[in-house]
Amino acid sequence: MTPIDTRPAPHTHTVPNFKLSSGDVLAQATMAYRTLGVLNAQRNNVVLVLHGYTTGPAMLDEGSNVAEGSWSGLIGPGRAVDTDRYFVICPNMLGSSYGSTGPGSIDPATNKPYGGDFPLISPHDIVALQKQMLEALGVHHVVAVMGPSFGGYQAFQWAVDYPDFMDRVVAAVSAPFHPGSAGQSDAVVALLSKDPTWNDGRYGDVPGAMIETLTKMRTATLTLYGVEAELLPRFPDPELRAAELQRLAREWANEFDAGSLLTLLRAAEMFDVRPRLPTIRAPVLLVNSRTDPVFSPALIEEVGPLLDAAKLTWFYVELDSEKGHFASGADWHLWSDALATFMRDGSVDSKAPFAYLYTDGRPAEKVSEELP
């Protein structure tokens, strides 16, 4: 059994000859991960926290540059996911840019970055590698799987692929399928291709390649996600706010691999577990934001009847937040009590502040003032 190192530094788990859903094989599939808390002797106090499309395990850090909002307010000692009690594992997705195997990694066959030759991966591949990591650590059941945005996709994928592996499922600013509003790979290819250093994905040998393009793309994304409302309290001056937005965008562009944008979005486009919802056995908590343009609250009108038809136990909290897609992290206090209750009881009471609350599709008493 692999010994556990609970220091905050990233750890890695590597699987040789990892077979993908496509039939391709990665000679080495490495996954980086972070941990918080202490694994108990029974190894049954694990909470798997899953990050979004363009972020990574830094979502655990206060003040981190995270497009879905840092979850540091929800995870830590005495918080909703109490690391005095739970052992939190936050893996970096296969295909991402923060230590896991992806397009920016070296292909052992060529000794050069994969780039555009990185194989197609699926959401199932992403969670299957996570499961192999957990089992190598001697973990065969978790208290919960949870995450925002693409992290919510992963949580749902876990729930349908390994329905007996978890006690709770939490998906925030997310859905059990990939709506068109969440991005399309053709549009990303068109934007990347405008940069001559892209070279059909063979950009790895050009120093500083893609940074300007990625900065522009990140600026547009953060603006769409609601960064103005997130930055306004700290930067009331418009010029200072614009400068901070550019700083955040460039900081991300210097760290994130352009090929990962395409690899992960193609994986996201494959995501749709709606036909498999009846296989889910754990209770589900959905948390969306009133102002999220990516995963609109209107999605619950489509998703709710599907969850009911699947006979799931499910709960829905809609955050009365101006912070759009950032809301689950940036306005964590709006649902922290609900998450703590769900972690404890597998249910949600009606005390979540500033939120609509639904229980198994039926609106409970609204606990906030009437929303406009």
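By class, 9 nonpolar, 8 polar and 7 charged residues make up the lining of the largest pocket. Keep in mind on this tour that you are looking at a predicted model. The largest pocket holds about 460 Å³, and 24 residues line it. To get to its middle, select Gly63, Ser64, Ser70, Glu230 and Arg234, the lining residues closest to its centre. Next, colour α5, α6 and α9 (327-330), the elements that each give two or more residues to this lining. Which of them gives the largest share? That is α6, with 4 residues.

So stay with α6 for a moment and select residues 238-253. This helix has 16 residues and runs 22 Å from its first C-alpha to its last, close to the 22 Å expected at 1.5 Å a residue. Zoom in on the start of α6: there, a side-chain oxygen of aspartate 237 comes to within 2.9 Å of the backbone nitrogen of glutamate 239. Now show the side chains of Arg241, Glu244, Leu245, Leu248, Ala249, Trp252 and Ala253, the buried residues of α6. What do these buried residues pack against? Show α4 (211-225), α5 (227-231) and α7 to see their partners.

From there, move along to α7 and pick glycine 259, which sits in that helix. Is glycine 259 buried or exposed? Its relative accessibility is 5%, and buried means under 20%, so glycine 259 counts as buried. Then draw a distance from glycine 259 to glycine 115, C-alpha to C-alpha. The two glycines are 144 residues apart in sequence, yet 6.1 Å apart in space.

Next stop: the second largest pocket, with a volume of about 380 Å³. Its lining has 19 residues, and those closest to the centre are Tyr53, Gly183, Val188, Thr221 and Tyr225. Colour α3 (185-193), α4 and α7, each of which supplies at least two residues of this lining. The largest share, 6 residues, comes from α4. By class, this lining has 13 nonpolar, 5 polar and 1 charged residues.

The largest cavity has about 90 Å³ of space. To outline it, select Tyr53, Ser149, Phe150, Tyr153, His178, Ala182, Tyr225, Leu265, Ala268, Val294 and Phe295. Helices α2 (150-161) and α7 (258-269) each supply at least two residues here. The lining divides into 9 nonpolar and 2 polar residues, with no charged ones.

For the last stop, clear your selection and go to the second largest cavity, at about 70 Å³. Its lining is Ala171, Ser174, Ala175, Pro176, Leu286, Val287, Asn288, Leu299, Ile300, Val303 and Tyr316. Colour β11 (284-289) and α8 (299-309), the elements that give two or more residues to this lining. Here, too, there are 9 nonpolar, 2 polar and no charged residues.

Note on methods: Residues numbered from 1 in each chain as written. Predicted model: local features only at pLDDT ≥ 70, side-chain atom pairs only at ≥ 80, totals over all residues. Heavy atoms only, no water. 1 Å grid on protein atoms, 1.4 Å probe; cavity = no way out; pocket = protein on both sides within 12 Å on 5 of 7 lines; lining within 4 Å. Points joined across faces, edges and corners; volume = space filled by probe spheres on them. Nonpolar A, V, L, I, M, F, W, Y, C, P; charged D, E, K, R; others polar. Expected span 1.5 Å × (residues − 1). Buried < 20%, exposed > 50% of the residue type's maximum accessible area, 1.4 Å probe, protein only. Contact = heavy atoms within 4.5 Å. Polar contact = N/O pair within 3.5 Å; in protein donor to acceptor, adjacent residues only side chain to side chain.
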